[in-house]
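Dear colleague,

I am handing over the structure that follows, together with some notes on what was found in it. Please look through the model first and then read on.

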Amino acid sequence: MDTRRALLDALAADDGPVSGPALAESLGVSRAAVWKAVEALREEGFAVESTPDGYVAPEDPGYSGPGIAFGLDAPYSVAYRDRIGSTNERARELAGEGAADVAVVADEQTGSRGRLDREWVAPSGGVWLSILTRPDVPTARAPLFTLAAAVATTDAAREAGVDAHIKWPNDVLVGGDGSGSVDADPEASGRGGRKLAGILTEMEGEADRVGWLVVGVGVNANVDPETLPAGATSLSAERGGPVDRRRFAATLLERYAELTASPAALDRILPAWRERASTLGRRVRVEAADGVVEGTAVDVAEPGALVVDTDEGRRRVHAGDCEHLRDAE
Ligand code: BT5
């Protein structure tokens, strides 16, 4: 572990000040190395205080690399930028350099993408992040990681007081027919709700093993929906006030890490996904690559396929755009 992360962990673990010499000894590095780490954290906006008894964490850790890593209970280092083209693109670059277990986080993206190269609008104030891992699983199980990210995002939104639900395969929505409430916006209701977040997974496989996996999550956190495409919403709009993005991002990363920690953990993703989904039991119309499938969504099956009962029988759809239909349609 690098000295900076060790210092952050020590500051998070201790109520009182952490002394430089004690830290140098426990980490087996020089006092100068500890001092350099403190300076580096300060330069990144994490204002470590010096007291006569040692170092103390700032009152407000802030939304920054060290701020998000501070007290984070997930095995990722955090690479933060105020502004970036796309966090997924940066994570892919890092993958090419051999990196693993990194969360790339940005305040604003200037060239972010949704699925099928669609534009993703990502102004300052959102939670835009991509998690790079190298899970030791067969390529066929990779779609489970997308579902895990949807579960993690939904849980983080609910912890922030926003009643989110999942629309297959990877949208996190609020309101609409999903929550059973009558929606004021019929267009949004047809889509199954107002879109709070989207997920884009990219990967490279080696033979039957995943080489690297990048799961990109875009959450409209403290963003005015006026600046977003029609049908979108944000955490701040839904709760009527800003959300603590540091806490939200940490919860999301911790949940994702927990859900993907082991093969046994992966087995628990589908049940968790089903519990949070609004798509099951509904009439749906899915535009898949090989045509349109319309019917009743009855289940989601490994590794993330939607099971639809149609007039022609049961179909499994692996990818596509899903619309929730009203029962009359
Ligand atoms: C998605 O695509 O929903 C996946 C979005 C993934 C974005 C994240 S941000 C971090 C990481 N870095 C990246 O470059 N990407 C990922 P899709 O299902 O194809 O939906 C795209 C559609 O959503 C667009 O065509 C718009 O209609 C709409 N849209 C664009 N920006 C939006 C926003 N901020 N909120 C809600 N809807 C949006």
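The notes below take up the fold, the ligand site and a few backbone features.

This is a predicted model, in which local features need pLDDT of at least 70 and side-chain atom pairs count only at pLDDT 80 or more, whereas totals for chains, interfaces and linings use all residues. Residues are numbered from 1 along each chain as its sequence is written, and side-chain values use heavy atoms, with hydrogens and water left out.

The chain contains 11 helices and 14 strands, these being DSSP runs numbered from the N terminus (H or I of at least four residues for helices, E of at least two for strands). Its radius of gyration is 21 Å, close to the 20 Å that the globule rule gives for 329 residues, so the chain is as compact as a globular protein of that length; the radius is taken over C-alpha atoms, and the rule is 2.2 Å times the number of residues to the power 0.38. The C-alpha trace spans about 75 × 50 × 30 Å along its principal axes.

Turning to the ligand, there are 26 residues around it, of which S86, R113, R118, V121 and K195 come nearest; a residue counts here if one of its heavy atoms lies within 4 Å. Among the polar contacts (pairs of N or O atoms within 3.5 Å), a polar side-chain atom of K195 is 2.8 Å from a ligand oxygen atom, and one of N220 is 2.9 Å from a ligand nitrogen atom. A polar backbone atom of N88 lies 3.5 Å from a nitrogen atom of the ligand. The protein covers 89% of the 790 Å² of accessible area that the ligand has on its own, by the Shrake-Rupley method with a 1.4 Å probe. Two or more residues of the shell come from each of α5 (87-96), β5 (127-133), β8 (194-206) and β9 (209-219), and β8 gives the most, with four residues.

As for the backbone, most residues other than glycine have a negative phi, and most peptide bonds are trans. L116, in the loop between β4 (102-109) and β5, has a positive phi, near 50°, although L116 is not a glycine.

With kind regards

Terms used
Polar contact = N/O pair within 3.5 Å; in protein donor to acceptor, adjacent residues only side chain to side chain.
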